Amino acid sequence: MIYYIGPSISLPSNKYNCVGIDKVVEYCKNKKFLGVDTETEGLDFLTDKMIMFQIGDAENQFVIDTRHVSIEPLRKILEDTSIVKILHNAKFDYKFILKGSNIKLENIWDSMLIDQVIHCGKYTIRYSLNELCRRYLDVYLDKDVRSQFIGLKEQTFKENQIVYGAKDVAYLIQIQKIQAESLKKHRLEKVAELENSVALSFADIEYNGIRLDQDSWKNIAEDSKTDVEVYEKQLDDFILNDPKFNKFINPHVQSDLFIPLDEIRKVIVKWSSPKQVLDVFKCIIPELENVNGKELFKHINESFIATYIKYKEKAKLATSYGLDFLKNVKVDNKIHTSFNQILNTGRVASNKPNMQQIPADNKFRRCFIPDENHVLVSADYSSQELCIIAVGSKDPVWLEALKEGKDLHGLCADLVFEEKWRQADEKERKSLRTIIKTINFGLAYGMGPHKLSNTLQISIEEAETLIDKYFTIFPSIKKFLASLGGYGKRLGHIRTYKPYSRIRWFEDWSPNMGYTKDTMKILGSIERASKNTPIQGTGADMTKLALSLLRETINKNSLPVKIVMTVHDQIDTMCPSDFAQEWSIILRDRMEEAAQIILGTDLLKADPNITNKWEK
């Protein structure tokens, strides 16, 4: 049965009843599972409103016109930690509910996230509610009705709109039961619990936002634009000063009444065009096939190409983090990013804007500031991925170095380079340490000889010799990585560390692949991903657990703290200045608690920092 709660309207069917909000509360308060959905007049929670709220189960659904009826009486139910609220893309609904009613959801089941957990790595799977209904229930949603809510102001709801809202709730209940069986089959209950919990933390971050000092950002954007122009001038000079590039010079440059002839650009190459740049570089490297970073790094000793690589770096900053970035500032003068919670490894991405790739250079980060009379309290894990490798491999050297707080990279360099290290001066040691640091961190990305060769600008033979020597010194790490790679190739999936054991499927894998050129390439890719995923994915699990613990601590104790950002292993919060010191200890303890739960050791520490501007 469908029940409507709102202004009196004429419902033509005897299948629908008009009731009061008290009827909704009475029905829902003792349920274990409830479907929850909203319809909104737009997509921006800051400027658009929730106009319909739906709640119920497979038998009875309640459709509330929130333009006229408050959902405040449902607060205890929505915030009850013993009742599971099933939503699809819960972050979206949560932000509208929080904005409109100041109600914080607890204990959710996000059918979109759960399907991403179940099918992680399967790039052909789609996760919209329409797709889930089609795949699980053989039901096709009417997209035309859904679009009718956009821009709807005070018009009376039509019967098909009420039915549409009610059915979404019923479908969610059915989908949850099917998903629960699949989670049990693949032993994914724990990671599903984690993703459901941390979804609310990510929603809080999106909702809270973070202030941007726009004047400082504009100054940096102008500097970036100037840097690009400087490099463009240097690239033009290469063309102008070498006869082999004469065809890229316009011989018919006309003077201008207002611009001196020597200031008019004569080079006809557009440096932002990969096709035109390739034509230029083919004059010196005829076999060059493209101008992507991986290909060009092989020729970085060519000063022309080295300058172009620097130009591309500056151009990317000027484009991605220039004046256009300010278009992301919302009506509250804050940046509100949107998180993609589950990538293949379990790591997080964000967009509109991408805050996960804000340049590590603190000049950009320091443009993000706390609210007045507040400070930012941030913490990151010290060598998170290295600790994960150490615990997984049980390498005694790594474990001892990390436990004692020693310089792991320097210690490894000593063992690998032996006398060369011991006899080196400070400058040479720094160079050798960088080589080992590249290998140490490269392990987390499944790096092989070709990648090491490109990164260090050495021959593949030298890279192979270096890696062989490294693994001779650290056989337990070699065995650990080999076991991960073999597991993925053998079974077609890989998992993160317990207790979550997140799974990543390799959709191109099959039990009897054979040994053709194409299948060997696929298996090589699977092997690299199998080495990488447990390390990066376990790190992601750890940070997500920490975010969940922090949200729970904040809400249970009504602390004056907001989580405002997270980037990989760093969590950033905001609180009043006079509470910062106390909160920094709590932040550190919750993050280290998460590390202890996953690694089973207190090896990994979190390092808190109190600042007036965002920093790495």
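Student: In this predicted model, what covers the buried residues of α19?

Tutor: Helix α19 spans residues 449-456, and its buried residues are L452, S453, N454 and L456. Buried here denotes under 20% relative accessible area. The cover over these residues includes α11 (293-296), α18 (426-442) and α20 (460-473).

Student: Which residue follows α19, and what is its phi?

Tutor: Helix α19 ends at residue 456. The residue that follows α19 is Q457, and its phi is positive, near 55°.

Student: How are α10 and α12 oriented to each other?

Tutor: The axes of α10 (residues 274-281) and α12 (residues 303-320) come within 12 Å and cross at roughly 165°. Angles over 145 degrees count as roughly antiparallel. The two helices, α10 and α12, are therefore roughly antiparallel.

Student: What is the handedness of the crossing in which α10 passes α12, left-handed or right-handed?

Tutor: The crossing concerns helix axes that come within 12 Å. As α10 passes α12, the crossing is left-handed.

Student: By class, how many residues in the contact of α10 with α12 are nonpolar, polar and charged?

Tutor: From α10, the contact draws on V277, V280 and F281. From α12, it draws on F304, I305 and Y308. By class, the contact has no polar and no charged residues, and its nonpolar residues number 6.

Student: What distance does α7 reach from its first C-alpha to its last?

Tutor: Helix α7 (residues 159-185) has 27 residues. At 1.5 Å a residue, the expected value is 39 Å. The distance in the model is close to that value, at 40 Å.

Definitions and conventions. Residues are numbered from 1 along each chain as its sequence is written. This is a predicted model: local features need pLDDT of at least 70, side-chain atom pairs count only at pLDDT 80 or more; totals for chains, interfaces and linings use all residues. Side-chain values use heavy atoms; hydrogens and water are left out. Axes are lines fitted to C-alpha atoms, for helices over the stretch in contact, and angles run from 0 to 180 degrees between N-to-C directions. Helices (H or I, at least four residues) and strands (E, at least two) are DSSP runs, numbered from the N terminus. Angles under 35 degrees count as roughly parallel, over 145 as roughly antiparallel, 65 to 115 as roughly perpendicular and the rest as oblique. A crossing is left-handed if the near helix is turned anticlockwise from the far one by less than a right angle, and right-handed if clockwise. Contact means heavy atoms within 4.5 Å. Ala, Val, Leu, Ile, Met, Phe, Trp, Tyr, Cys and Pro count as nonpolar, Asp, Glu, Lys and Arg as charged, and the others, Gly among them, as polar. The expected span of a helix is 1.5 Å times one less than its number of residues. Buried means under 20% relative accessible area, exposed over 50%, partly exposed in between (1.4 Å probe, protein chains only).
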